[in-house]
Amino acid sequence: MKRRWAGAIVAVVFPLVPWSQSRIDTDVGEFRAQQEVLYLWSGDHVKRLFPGFEGLAADVYWLRTVQYFGGTRLYARDKSFELLRPLIEITTTLDPRLEIAYRYGAVFLSERPPIGAGRPREGIEVLSRGAARNPDSWRLRQELGFFHFLYLHDAHRAAAVLEEASTIPGAAFWLRTFAASLLAQGGDREASRRMWRQMFEQAEAGILKENARLQLRILDARDAADDLTAAVAEFERRHGRRPERLDELVRGGVWRGPLADTAGVPFHYDGQTGRVTVATESPLWRPR
Amino acid sequence: MGRGLSRVAAVAANTFRETVRERVLYNLVFFAILMTASGLLLGQLSIRQDEKILIDIGLGAIDLFGTLIAVFIGVGLVSKEIERRSLYPLLAKPLSRGELFLGKFAGLVFTLLVNVAVMMAGLYATLAATGRGVEPRLLAAAYATLLGLVLVVAIAMLFSTVTSSVLASVLSVGVVVAGRFSDVVRHMGEVLPGAPRWLSEVLYAVIPNFQNFDFKDRVAYGDPVPASVLAWVTVYAAAYVTVVLAVGLASFQSRDFQ
């Protein structure tokens with residue numbers, strides 16, 4: 001009798017569980033960003049909690065950093081990445097040799113929103129600390145130099161850091177010439193392209209490689225927009241007026257290429273100035 | 001001498017059987033599940049760090065589980081026998097207190113040896129199954145960890161001869177933790193400016209330095225562990241274990257069980 005009652009209660013009440021869950025998911029969203037709290041902000045304090053297990057603790061904090069970054073980027077409403085820097089600091093204090101945490105951490109911090117936190121100075125600080133703690137790593141110094149140029153547009157500092165990196169045993173042979181060319185040219189789009197291509201070729205499959213690929217596509221889109229601007233000028237020279245729309249360039253025989261960037265978004269044409277730019281709605285648009 | 005050794009071996013074998021009967025080796029099942037889950041999940045979660053994390057988890061688990069077994073079983077080997085009064089029939093047999101003490105020590109060390117060996121095999125199996133190389137250098141870290149565990153067993157048994165099992169556990173854990181903070185002890189003056197220098201030097205010399213047995217990070221990054229370093233660590237462990245066992249044995253032999 002008691003069993004029958006228990007069975008009846010389970011049969012009646014249990015369907016309430018998935019039903020109420022579906023209502024909660026509808027109200028709050030199926031993917032809820034975890035309410036992230038960091039109880040300990042100092043890497044040194046965390047280190048003292050795991051005597052003998054610092055490496056393992058660093059792995060745990062690194063996994064948490066990656067999950068925090070991915071979760072915040074995808075699901076959080078407030079994408080300020082407030083905990084990103086302390087998580088990276090704790091991870092690298094626990095394991096100062098964990099190069100991947102400096103490299104990925106710097107990208108997570110430096111990239112503009114919505115991809116990253118948009119705090120390149122902090123990203124460069126992370127790489128600087130990594131380079132100081134790992135004096136034999138030319139890769140960390142190389143990326144530090146690249147970041148100075150790519151995110152802070154400081155060609156002189158970038159060249160100095162690359163020069164330093166080139167003196168580390170085992171460093172890539174091209175670092176010294178790269179530093180020299182940066183100083184000679186003061187930094188241009190071609191230098192950016194070479195840096196991103198290097199990072200693309202050196203990176204393992206994953207976020208870093210994909211980010212470098214995206215940056216190369218952004219540069220390609222800017223090149224194509226500049227070529228289109230030149231084609232507009234050629235059209236004006238030939239016809240004595242500017243085209244009203246970009247497709248006139250094709251009909252006028254001055255352009256044979258595509259009129260959209262590689263993301264499929266048409267380029268923006270300003271008929272007043274004759275200038276062509278990457279459309280702001282394109283994923284390849286970035287402020288200059 | 002020969003008979004004494006055979007009696008020590010008999011106690012050791014019995015201690016090993018006892019620990020197996022107490023399901024101590026069940027931690028191996030947990031370890032197997034941990035390694036399997038780590039092997040399957042880490043590739044997706046870690047961004048190119050799965051091999052290092054697998055090694056960290058494997059060696060960390062060997063160290064952690066081993067320490068827990070060494071402390072809690074080590075303490076129980078003597079003090080629980082005293083508290084449950086099961087020691088008296090043993091002492092009534094033609095078996096000296098020294099043989100009993102050393103036999104129990106050897107039995108638990110053998111349990112830990114089996115534990116570490118099976119866990120290392122599991123770690124290697126996981127690395128091989130996930131397409132990673134089987135690196136012999138990991139054995140250096142496992143060996144050093146085992147030496148540290150032998151020292152923990154000796155310390156736990158020493159405390160268990162002088163106090164209750166609960167207090168012996170607390171003291172053993174305290175010494176192990178203090179030994180993992182040897183660098184802090186050595187530089188105590190920087191944290192506590194008023195502390196006399198001689199105190200930090202004495203404490204540094206007396207507290208067993210468990211950092212000596214930690215090569216986990218080094219092997220995880222592929223750094224070599226020179227044989228000479230391992231040899232000195234072995235000498236350190238042997239000397240310390242001998243001293244601790246001698247004190248423990250003296251305490252056990254002089255203790256009045258009435």
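**Note on a predicted two-chain model**

1. **The contact between the chains.** Chain A puts 15 residues into the contact and chain B puts in 19. Two residues are in contact if their C-beta atoms, placed from the backbone, lie within 7 Å. On the chain A side, helix 4 (54–75) and helix 6 (99–110) each supply at least two residues. Helices (H or I, at least four residues) and strands (E, at least two) are DSSP runs, numbered from the N terminus. Helix 4 of chain A gives the largest share of that side, six residues. By class, the side of chain A that touches chain B holds nine nonpolar, three polar and three charged residues. Here Ala, Val, Leu, Ile, Met, Phe, Trp, Tyr, Cys and Pro count as nonpolar, Asp, Glu, Lys and Arg as charged, and the others, Gly among them, as polar.

2. **Ground rules.** This is a predicted model: local features need pLDDT of at least 70, side-chain atom pairs count only at pLDDT 80 or more, and totals for chains, interfaces and linings use all residues. Residues are numbered from 1 along each chain as its sequence is written, while chains are lettered from A and ligands numbered from 1 in the order in which they are written.

3. **Confidence.** For the complex, the predictor gives an ipTM of 0.70 and a pTM of 0.72. Each residue also has a pLDDT, the predictor's confidence from 0 to 100. Chain A averages 84, with 91% of the residues scoring at least 70. In chain B, the lowest mean, 74, belongs to helix 2 (residues 27–45), and the highest, 94, to helix 6.

4. **The cores.** A residue is buried if 20 or more other C-beta atoms lie within 10 Å of its own, exposed if 12 or fewer, and partly exposed in between; C-beta atoms are placed from the backbone. A nonpolar core is a set of buried Ala, Val, Leu, Ile, Met, Phe, Trp, Tyr and Cys residues joined through C-beta atoms within 7 Å. The largest one has 117 residues, and Val150(B), Val153(B), Ala154(B) and Ala156(B) have the most contacts inside it. Helix 6 (residues 138–162) of chain B supplies the largest share of this core, 18 residues. A second, separate core has 16 residues, including Phe235(A), Leu249(A), Val254(A) and Leu284(A). What does Ala156(B) touch, not counting residues up to four places away in sequence? Its partners are Ala70(B), Val71(B), Gly74(B), Val75(B), Ala168(B) and Ser172(B).

5. The expected span of a helix is 1.5 Å times one less than its number of residues. Helix 5 (residues 97–129) of chain B has 33 residues and should span 48 Å; its end C-alpha atoms are 48 Å apart, which agrees. After helix 5 of chain B comes Gly131(B), with a positive phi near 80°. Helix 12 (residues 227–254) of chain B has 28 residues and reaches 40 Å from first C-alpha to last, close to the 40 Å expected. Its buried residues are Val233(B), Ala237(B), Val241(B), Val244(B), Leu245(B), Gly248(B) and Phe252(B). Their cover includes helix 3 (50–83), helix 5 and helix 6 of chain B.

6. **Domains of chain A.** Chain A is divided into domain 1 (43–214) and domain 2 (223–277). These bounds come from an automatic or database domain assignment. The C-alpha centres of the two domains lie 38 Å apart.

7. **Residues to look at in chain A.** His153(A) sits in the loop between helix 8 (138–152) and helix 9 (155–166). Is His153(A) buried or exposed? His153(A) counts as exposed because it has 12 C-beta neighbours inside 10 Å. Its phi is near 55°, a positive value in a residue other than glycine. Most residues other than glycine have a negative phi. Ala159(A) is in helix 9 of chain A. With 23 C-beta neighbours inside 10 Å, Ala159(A) counts as buried. Ala159(A) touches Ala179(A), Leu182(A) and Leu183(A), leaving out residues up to four places away in sequence. Gly116(A) lies in the loop between helix 6 and helix 7 of chain A. Gly116(A) is buried, with 21 other C-beta atoms within 10 Å.
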